Amino acid sequence: MERLVRYMRQGKIIGRIRFTAILFTLAMLGLVTTSHGALSVSASLDARRFSVDQAATLTITIYDADGTISELPSVDGLDFQQQGQSRQKQIVFGSLSSSASSVSTIFQVQASRPGTFTIPPIAVTIDGKQLQTEPITFEVTSPAAGVPSLPNSQGGAPTSPSLSTGEREQMAFLRISPVKEESYPGEFLPVEIKAYFRRGLRATLNTQPRLNGDGFVLSQSKQEPVQTEEMVDNVPYSVLTWPGSLSGIKEGKFSVSVAIEATLLLPDQRRRAAPMGGDPFFGNDPFADFFNQQRMQEKKIQIVSKEMALQVLAMPAEGKPAGFSGAIGKFELQVKAQPTDVGPGDPITLTMTVAGAGNFDRVEAPVLSQAEEWKSYPPSVKFTPGVSLGQGSKVFEQAIIARSGDKTTIPPLAFSFFDPEAGKYQTLHSDPIPLRMSKAEGAGKSDNVSAANGVGAEKATPQKSNGGQSGPPVAAASPLAPLHSQMGSLHRGVIPLITRTGFQILILTLFLLLVAVILLKIRARRLANNPVLCRQQEMVRLLDLRLQEIRMAQEQGNSRDFLAICRRAIQEQLGLLWQTGPGAITLADLHQRLVPDSELVALFATAESDAYAGHLLSSQEMAEYAGKLEYALRKLQ
Amino acid sequence: MKGVLKLKISAIVLVLLVISCGLFESCLAQEQSSQDFLAAGKAYEAGDWSKATQIYESLISHAGFSASLCYNLANSYARNGQTGKAVLGYERALRLAPGDGDIRHNLEILRQEKGLSQGEIPFFHKAGALLGLNQWAVLAAILLAALSLIQFVTWRIPFSTGLSYSLTGTCLLLLGLSVTGIAIQYHSWQQAVILTPKTPLLISPFAEAASTGVIEEGLLVRVIKRHGDYTLIKDESGHSGDNDSQSGWISNTSFAPIAITMADLRAGNKNL
């Protein structure tokens, strides 16, 4: 009974287990079926706020099926670029049959302008069924938003007027300031042209600032632009400043602007697609920036300032002085004379300084009142620019001579200009300068007095003719040295000797000679310091000498001498070669130090044996022997 | 044989005749030049400076340049009020005879009277002007020859090393000075003289271009570049300093270079 009860209890437990297992299997089957049946698609953007010079990554993921993206929507101001696809498989409970998969398609999204954009639902076709993603809204900011603002107190950079609407969205902009709206023709309007580049931008200027528009000309300083840092609306900028000036060239109303062309070197900031889809893991990787440094892109831009409306007024005709040369601005006149203690006919140098601000190119020398009583010469001019453009001083130096000897003062000099602020002409007068003129001694030195001069035998006769005269002649009283009485040697031209071909050839020859001597000297010195070269030379010298003696002995038919000289020649050559005394060299040495079949060994042995044996060689034998010896010894060298 | 001898004698006589004719013509030309030179001097002394300039100009165009001819012509121009041409003549005379005191004196007087101040001349220019360009060039040639000789002698003949080095060093030092002198003086040969009064300096090489100022007659300028009928020049008179000296385009007829050849003169390329 107990066994039965126990059995029944066991069966109950087993049944329960079976029931639970079936329930679990059914539940799992239901889950799997559910997951297989719910085909889905999603779209995500890795950043909901980014700047215009950056990009975001759009990922469209299709789960548990292969689908195709029908078409990407067209959004004004947005650009989509496909970057690639990635697949994912997820294994459930160790069985591939129960796995989940997804396919991600990655697009790069770039905006061409700041603003709020919405990517509308994207249609995806899966197994003939069309699904749609959720719309995505995001904000694209101007580049400024990405740059951290700096407190003014820390940066120390000066601040400039706030950014206008057009400037705020730009990475670089141009300003021209300040300009008077009304001016007169030729008036010098100092301006400052500033090109603002967002700090950190790498830019190369392709042109100098140029003026767009008629009626004005822009003059610029030859100096390089000054580079500074400025804060505009808490945004740091690198600023290039050119000083310049505008001058109206004709009357009327004109609209002008300034433009400059530059190339920006921008880092390629496009984010790389994450290898596994979704949010890029390496999106904020510092190394990503490092590697991106290798990828820069050039962007050519033209920066144009805002247009300015300028008016050029007509110069008033009323009150225009006779000596007005076109100078417009604010000027001061200072006149000095040196010397003031003079004799009749002595020249006096007037130094007239016109200083101030204005169009100095139109400033001419002040005019002497009572000019007819003075003889004046063309003045020399020197302009010294001031600290800022348009300022400076123009110094005129002019020689004047009193036409009569009774002058007590140099009369005032007048300089006229137009004051644009007052809107009227002004004439400056210098003070009369007191003069002490001594009485003429005998015949006056003045050029209107005919008198003998001290120039050799020259006679100061009145000038008869002055054809082609371009200025007053040198006063007849001038102490010019007399003419030369000899014509001297004649030349074909006034040209320097160094340009004449003959002289150039001479110099070249001398130079080559010097080089040759130096080279020979160096060679001789090298030879003297080289024992191998010395020994070789000595071997050649001695061999030539011995061969000469051999030939003589051969001609005389003197076999004994012939053989002795041959032995000596071999000993000398080998002695020099082995650096030993020639007399110490024996046949045994030759056997020991030369190769056994050496011809020299045989020749030396023959010479020794014949000499000791008293064997006399015939002429033919001697000739044959001499030939072999010379060949062997030359070969040795 | 006789025929050949006769032919040889005839040829020799012909050659001698041609040489004699050439010499005779040369003597005649020389005589004519001397007479013209005297006539020009007389015209000058009589105060007829225009005539004097005409004769001197004709003499130069036929016979060639000499320091005295250029100097006398410059004196005539100066008396005739042609400052630019007078300065040009003196400058050319100075190039041919750098040590001539009369030329320097008259040029200085002319510049003083016409207000053509030369400004402060830098020290190295003064040092370079101790000798003329041709003198520096001859000195350099002599020193090159001397160097070659010293090297040869010290190679062939046993010589004291110290003495050899001293001689070589001295020669090289003097050669360096000569080359510097040549460089400085050559610069002065590249100068030109403004011939027309108040010559406008244009900002561009065309007649309608705006003027940036005027340059006075008789001032020394340096030619920078040419474009058609205009030349870009820089004021070399020195009174403005190197940094702010005037420059601008002027008409080719407004100036004349100091260096000139007879070929240029006959081709009419340059002003006398």
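Predicted model: local features only at pLDDT ≥ 70, side-chain atom pairs only at ≥ 80, totals over all residues.
**Figure 1. An open sheet of three strands in chain A.** The strand order is 4-8-9 (chain A), and the pairing is antiparallel. Strand 4 (67-71) and strand 9 (129-132) of chain A each have a single partner strand and stand at the edges, so one side of each is left without a neighbour in the sheet. On average, and with direction ignored, neighbouring strands of this sheet are turned by 35 degrees against each other.

**Figure 2. Pairing of strands 8 and 9 of chain A.** Four bridges join strand 8 (residues 123-126) of chain A to strand 9 of chain A in the antiparallel sense. Within strand 9 of chain A, Lys129(A) is the residue that Ile126(A) stands opposite. Strands of a sheet pair through backbone hydrogen bonds, in either a parallel or an antiparallel manner.

**Figure 3. Contact between chain A and chain B.** Chain B contributes 68 residues to the contact and chain A contributes 59 residues. On the side of chain B that touches chain A, helix 7 (residues 133-156) of chain B supplies the largest share, eleven residues. By class, this side of chain B comprises 29 nonpolar, 28 polar and eleven charged residues.

**Figure 4. Strand pairing between the two chains.** Strand 34 (residues 493-494) of chain A pairs with strand 8 (residues 260-261) of chain B over two bridges, in the antiparallel sense. Here Val494(A) stands opposite Ile260(B), which belongs to strand 8 of chain B.

**Figure 5. The largest nonpolar core.** This core has 55 residues, of which Cys70(B), Ala74(B), Tyr90(B), Ala93(B), Val193(B) and Phe255(B) touch the most other members. Helix 3 (residues 67-79) of chain B gives the most to the core, with eight residues. At least three residues come from each of domain 1 (2-114) and domain 3 (191-267) of chain B. A second, separate core of 50 residues includes Ile193(A), Phe216(A), Leu350(A) and Ile410(A).

**Figure 6. The surroundings of Cys70(B).** When residues up to four places away in sequence are not counted, Cys70(B) touches Phe65(B), Gly89(B), Arg92(B), Ala93(B) and Leu96(B). Of the 272 residues in chain B, 41% are buried. Among contacts in chain B with a separation of 6 or more, 54% are between residues 24 or more positions apart.

Definitions and conventions: Residues numbered from 1 in each chain as written. Chains lettered and ligands numbered in written order. Contact = placed C-beta atoms within 7 Å. Nonpolar A, V, L, I, M, F, W, Y, C, P; charged D, E, K, R; others polar. Pairing = 2+ DSSP bridges. Axes fitted to C-alpha atoms, helices over the stretch in contact; angles between N-to-C directions. Buried ≥ 20, exposed ≤ 12 C-beta atoms within 10 Å, placed from the backbone. Core = buried A, V, L, I, M, F, W, Y, C linked by C-beta atoms within 7 Å. Domains from an automatic or database assignment.
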